[in-house]
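Student: Could we go through this model together? I would like to begin with the overall picture and then turn to local details.

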Amino acid sequence: MSQARIAVLASGRGSNLRALIGAIEAGRLPAQVVGVFSDKPDAAVLQQVPPALRWSAKPANFDSREAYEQALGDAIEAARPDWIVCAGYMRILGDALVQRFAGRMLNIHPSLLPRHRGLRTHAAALAAGDAEHGCSVHFVIPELDAGTVIAQARLAVAPDDTPESLAARVLAMEHRLLPAVLQLAVSGRLAERDGTACVDGQPMFTPLTLDSHDRLMP
Ligand code: GRF
């Protein structure tokens, strides 16, 4: 069987991409990264792959957001990915782009969705007095951070946690959760049907959770 092809959209430092590459190199994820796509030409994430796999463009250099996303979508398509992963891609995706890759575009978000969509999730979890916090991987739909959640990893909020300490602990969990979900995806077991995530053809009514051995459990 040919290796699954993964495209990554990212705007920043790229530690989640690093985790995916690490899982591939360790033989835990039978896949290859076929392109990294960024709206920030100087983003550190781009340095993690050879130049031939990098694509970046400043949205401001295009006439419209639609024109930028058309170019981005064409570049993604040219890489022929099976799965597209948003890992710290800091722009809201337009409907046309999302529809173009519907059912095979995933996002990692640093909260236990549906709690705390958007930015500054760690401060929001603290402000809300949440006992638990964590991260989620979900299918991307046009509404921000709103697609069906596939899997989550959770941790207990400590009384002395700050947004920074929580961010660091959640990030470490992201690095375990994202490769685990991609493993499920590239094995052909994950799909989205009528807005619901399905594993082995069965709709999931609650997200999978990551156990201490990095396995996804119902
Ligand atoms: C992660 O916290 C991710 O959940 C969020 O943006 C951050 C990206 O970090 N969407 P990195 O660039 O992968 O290090």
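This is a predicted model: local features need pLDDT of at least 70, side-chain atom pairs count only at pLDDT 80 or more; totals for chains, interfaces and linings use all residues.

Student: How many helices and strands does the protein chain have?
Tutor: There are 5 helices and 12 strands in the protein chain. Helices (H or I, at least four residues) and strands (E, at least two) are DSSP runs, numbered from the N terminus.

Student: How compact is the protein chain?
Tutor: Its radius of gyration is 17 Å, close to the 17 Å that the globule rule gives for 218 residues, so the protein chain is as compact as a globular protein of that length. The radius is taken over C-alpha atoms, and the rule is 2.2 Å times the number of residues to the power 0.38. Along the principal axes, the C-alpha atoms fill a box of roughly 45 × 40 × 35 Å.

Student: What percentage of the residues is buried?
Tutor: Buried residues account for 49% of the 218. Buried means under 20% relative accessible area, exposed over 50%, and partly exposed in between (1.4 Å probe, protein chains only).

Student: And what about contacts across the sequence?
Tutor: Of the contacts between residues at least 6 apart in sequence, 62% join residues at least 24 apart. A contact means heavy atoms within 4.5 Å.

Student: Let us change topic to helix 1. Which of its residues are buried?
Tutor: In helix 1 (residues 15-25), the buried residues are Ser15, Asn16, Leu17, Ala19, Leu20, Ile21 and Ala23.

Student: What do they pack against?
Tutor: They pack against strand 1 (4-9), strand 2 (31-38), strand 5 (105-109) and helix 5. After helix 1 comes Gly27, with a positive phi near 80°.

Student: How far does helix 5 reach?
Tutor: Helix 5 (residues 163-186) has 24 residues and reaches 33 Å from its first C-alpha to its last, close to the 34 Å expected at 1.5 Å a residue. The expected span is 1.5 Å times one less than the number of residues. Gly188, which follows helix 5, also has a positive phi, near 80°.

Student: How far apart are Ala172 and Asn16?
Tutor: They are 156 residues apart in sequence and 9.3 Å apart in space, C-alpha to C-alpha. Ala172 is in helix 5 and counts as partly exposed, at 42% relative accessibility.

Student: Is Arg120 buried or exposed?
Tutor: Arg120 counts as exposed, because its relative accessibility is 66%.

Student: Where is Asp200 found?
Tutor: Asp200 is in the loop between strand 9 (196-199) and strand 10 (202-203). Its phi is positive, about 50°, although Asp200 is not a glycine, and at 47% relative accessibility Asp200 counts as partly exposed.

Definitions and conventions. Residues are numbered from 1 along each chain as its sequence is written. Side-chain values use heavy atoms; hydrogens and water are left out.
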